[in-house]
Amino acid sequence: MAVSERGGKGEALDLWQQKLNQWKRSETINQDSETAPVRQPGLSAMDPFSQLILTIAVLSFLTFQWLFHSVSPWVSGRVSSGFLGLSPQQKIEWNSRTVSTFHALIVGVFCFYILLFDDAINQDPVWGDATLVKINVGITTGYLISDLLLIFYYWSAIGDRYFVVHHLAALYAYYYVLVKGMLPYFANFRLLAEFSTPCVNQRWFFEALGYPKSSKPNLANGVLMALTFFLVRIVVMPVYYGRMYLIYGTQAFYRVSWGGRLAWIFSSFCLDVMNLMWMHKIARGCYKVLRSSRGPRAPVQNSRKAD
């Protein structure tokens with residue numbers, strides 16, 4: 001009898017403990033839902049992953065500033081003797097392009113990996129799990145803000161209104177990826193364009209160092225630049241807009257806010273108009289150089305607009 005009573009009391013105690021745990025969990029959920037709208041803005045109001053992305057963007061900004069001001073001048077002076085003979089304005093652009101190449105390689109490789117192996121965004125390009133894309137976009141966001149700061153500060157050397165428009169448009173579009181979690185496939189797809197950046201920068205390096213346009217290194221880089229630019233910015237357009245067409249009119253499309261649609265469609269259209277214009281100039285320049293004979297050294301452009 002005593003054993004039975006103890007067993008009954010034990011079962012009652014276990015049942016009470018389960019009810020208590022359920023109550024605590026429900027209270028926690030209710031408190032979170034009630035307090036969430038009145039939380040003060042700041043890190044404490046962000047979820048851990050959002051804090052991680054913000055940290056990545058800040059570290060990216062600081063890293064690219066460090067690369068520009070310290071690493072690039074130190075390495076360039078030891079790798080290329082011609083760097084020391086450049087004018088102060090040319091050194092500023094040299095360091096800017098070195099950082100640009102470093103960013104393009106990191107983000108481009110990461111972007112290609114995501115495009116091949118991230119099933120979540122390939123299956124749902126609008127609302128798929130954007131974890132990896134957000135990390136990559138966070139790195140790019142830090143770089144874009146860093147480059148904008150350098151453009152404004154060294155405007156006489158590298159100031160270019162087209163780059164300002166490009167960076168601001170990209171940041172506007174990336175806001176919807178980082179904050180709203182929408183359009184991860186399309187944001188990642190746009191980063192494929194970074195693969196053409198190293199060759200564009202290398203063209204400027206050769207000119208700054210006095211390489212003739214008809215020299216073998218310059219010719220090889222020119223052909224590679226035209227080829228990569230064509231592949232990652234022009235050839236991919238039908239794939240990009242074909243995927244956009246398949247999404248248009250679906251439930252996933254109508255869940256995207258008007259601001260998100262503007263950032264997605266309008267920004268894409270503007271950037272690709274610029275890409276077509278640049279491709280035309282690159283193709284003409286490549287054709288002329290391949291046909292021309294060795295001539296006098298062309299003046300070095302201090303503005304990135306010509307590239």
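**Exercise 1. Determine whether Cys-199 is buried or exposed, and how many disulfides the structure holds.**

Solution. Cys-199 has a relative accessible area of 8%. Buried means under 20% relative accessible area, exposed over 50%, and partly exposed in between (1.4 Å probe, protein chains only). Cys-199 is therefore buried. Cys-111, at 0% relative accessibility, counts as buried too. A disulfide is a pair of cysteine sulfur atoms within 2.5 Å; the structure holds zero of them.

The model is predicted: local features need pLDDT of at least 70, side-chain atom pairs count only at pLDDT 80 or more, and totals for chains, interfaces and linings use all residues. Residues are numbered from 1 along each chain as its sequence is written, and side-chain values use heavy atoms, with hydrogens and water left out.

**Exercise 2. State how many helices and strands the protein has, and what share of its residues is buried.**

Solution. Helices (H or I, at least four residues) and strands (E, at least two) are DSSP runs, numbered from the N terminus. The protein has 13 helices and zero strands. Of its 307 residues, 40% are buried. Contact means heavy atoms within 4.5 Å. Among contacts between residues at least 6 apart in sequence, 78% join residues at least 24 apart.

**Exercise 3. Describe how H3 and H5 pack, and which classes of residue form their contact.**

Solution. Axes are lines fitted to C-alpha atoms, for helices over the stretch in contact, and angles run from 0 to 180 degrees between N-to-C directions. Helix H3 (residues 88-117) and H5 have axes 10 Å apart and an angle of about 165°. Angles under 35 degrees count as roughly parallel, over 145 as roughly antiparallel, 65 to 115 as roughly perpendicular and the rest as oblique. H3 and H5 are therefore roughly antiparallel to each other.

Their crossing is left-handed, a term for a near helix turned anticlockwise from the far one by less than a right angle, with clockwise being right-handed. On the H3 side, the contact includes Cys-111, Phe-110 and His-103; on the H5 side, it includes Ile-139, Tyr-143 and Asp-147. Ala, Val, Leu, Ile, Met, Phe, Trp, Tyr, Cys and Pro count as nonpolar, Asp, Glu, Lys and Arg as charged, and the others, Gly among them, as polar. By these classes the contact of H3 with H5 has 11 nonpolar, five polar and one charged residues.

**Exercise 4. Work out how H5 and H7 are arranged relative to each other.**

Solution. The axes of helix H5 (residues 131-153) and helix H7 (residues 161-178) come within 10 Å and cross at roughly 150°. The two helices are therefore roughly antiparallel, and H5 passes H7 in a left-handed crossing. Among the residues that meet are Leu-144 and Leu-148 in H5, and Leu-168 and Tyr-174 in H7. The contact of H5 with H7 divides into 15 nonpolar, four polar and two charged residues.

**Exercise 5. Locate Leu-183 and state what is noted about its phi.**

Solution. Leu-183 lies in the loop between H7 and helix H8 (184-190). Its phi is positive, about 60°, although Leu-183 is not a glycine. At 7% relative accessibility, Leu-183 counts as buried.

**Exercise 6. Describe the packing of H10 and H13.**

Solution. Helix H10 (residues 216-235) and helix H13 (residues 258-291) have axes 10 Å apart, at an angle of about 155°. That makes H10 roughly antiparallel to H13, and H10 passes H13 in a left-handed crossing. The contact includes Phe-229 and Phe-230 of H10, and Trp-278 and Cys-286 of H13. Its residues divide into 14 nonpolar, two polar and two charged.
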